[in-house]
Amino acid sequence: MYQKLFETPVWIQDIDPRGLNLISKNFKNNWLSQTPSSFSQNPEDNEMDEDGQKYLKSKILFCLQDLGIQDIQISQIWRNLYNGDYQEKHCHVNSNFSFTIYEKLETPQTVFEHPAHELIYATNTDQYVPPYWIPDVKENQMILWPSYLKHMVKKSYKSITISGNVLVK
Ligand SMILES: [Fe+2]
């Protein structure tokens with residue numbers, strides 16, 4: 001009997017980015033990739049009002065309730081701008097789950113890496129077990145994943161994303 005082991009929970013959820021009422025400022029060229037982003041340790045660079053926080057929390061909890069999770073804290077949020085920009089492979093630290101909301105998107109750009117991708121290549125099983133996954137996401141959708149999943153962003157144009165981190169309470 002065919003079975004699957006070690007599944008990774010991932011959700012794709014419709015969301016209206018305007019509902020977050022997120023105001024981002026002080027964009028800088030961040031990380032090795034120099035991606036224009038409001039990523040910052042200063043919460044004043046990315047402010048949401050109470051309604052926006054409530055809306056985002058409800059969308060995330062709607063997904064995480066599948067794992068029996070009932071309360072969360074959005075620990076960090078920021079905006080990324082892509083106009084010929086990309087992002088190198090990374091994972092999100094000090095968080096349990098992470099999300100990306102596609103505020104403007106022409107073609108899917110986020111590439112997730114199978115946690116065992118090096119072993120998959122080393123054992124020539126990549127034609128059977130995909131080492132990468134590019135989710136078929138659209139504008140006004142959110143993807144939510146466990147923060148340990150490494151991912152990158154392909155060189156993209158005319159794209160705006162809102163990313164963030166979630167702690168389970
Ligand atoms: Fe990321």
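Reader: Which residue of strand 11 does Ser-98 stand opposite?

Author: Ser-98 stands opposite Trp-145. Strands here are DSSP runs of E with at least two residues, helices are runs of H or I with at least four residues, and both are numbered from the N terminus.

Reader: What sort of model is this, and how are residues numbered?

Author: The model is predicted: local features need pLDDT of at least 70 and side-chain atom pairs count only at pLDDT 80 or more, while totals for chains, interfaces and linings use all residues. Numbering starts from 1 along each chain as its sequence is written.

Reader: In what sense do strand 8 and strand 11 pair, and over how many bridges?

Author: They pair in the antiparallel sense over five bridges. Two strands count as paired if DSSP finds at least two bridges between them. Strand 8 also pairs with strand 13, in the antiparallel sense over seven bridges. There, Tyr-102 has Thr-161 in strand 13 as its bridge partner.

Reader: Is strand 8 mostly covered or uncovered?

Author: Mostly covered, with seven of its eight residues buried. Buried means 20 or more other C-beta atoms within 10 Å of the residue's own, exposed means 12 or fewer, and partly exposed is in between, with C-beta atoms placed from the backbone.

Reader: What does Ile-101 touch?

Author: Leaving out residues up to four places away in sequence, Ile-101 touches Ile-15, Pro-17, Met-142, Thr-161 and Ile-162. A contact is a pair of C-beta atoms, placed from the backbone, within 7 Å.

Reader: Which residues touch the most other members of the largest nonpolar core?

Author: Ile-60, Phe-99, Ile-101, Met-142, Ile-143 and Leu-144, out of 20 residues in that core. Helix 1, strand 8, strand 11 and strand 13 are the elements that give two or more residues to this core. A nonpolar core is a set of buried Ala, Val, Leu, Ile, Met, Phe, Trp, Tyr and Cys residues joined through C-beta atoms within 7 Å.

Reader: On to helix 1. Which of its residues are buried?

Author: Leu-56, Lys-59, Ile-60 and Cys-63 are buried. Seen down the helix axis, the buried residues fall within an arc of 90 degrees, so they line one face of helix 1. That arc is taken from the directions from the helix axis to the C-beta atoms.

Reader: What covers them, and what is on the face turned away?

Author: The cover includes strand 1 (11-14), strand 6 (72-82), strand 8 (97-104), strand 11 (141-146) and strand 13 (159-168). The face turned away from the buried side carries the exposed residues Glu-50, Asp-51, Lys-54 and Ser-58.

Reader: Where is Gln-70, and why does it count as exposed?

Author: Gln-70 is in the loop between helix 1 and strand 6. Gln-70 counts as exposed because it has 9 C-beta neighbours inside 10 Å.

Reader: What is the strand order in the open sheet of four strands?

Author: The order is 7-12-9-10, with antiparallel pairing. Strand 7 (85-90) and strand 10 (132-133) are at the edges with a single partner strand each, so one side of each has no neighbour in the sheet. Strand 9 (residues 110-113) and strand 10 pair over two bridges, and Glu-113 has Tyr-132 in strand 10 as its bridge partner.

Reader: How many helices and strands are there in the protein chain?

Author: Two helices and 13 strands. Of the 169 residues, 27% count as buried. Along its principal axes the C-alpha trace spans about 50 × 40 × 25 Å.

Key: Contact = placed C-beta atoms within 7 Å.
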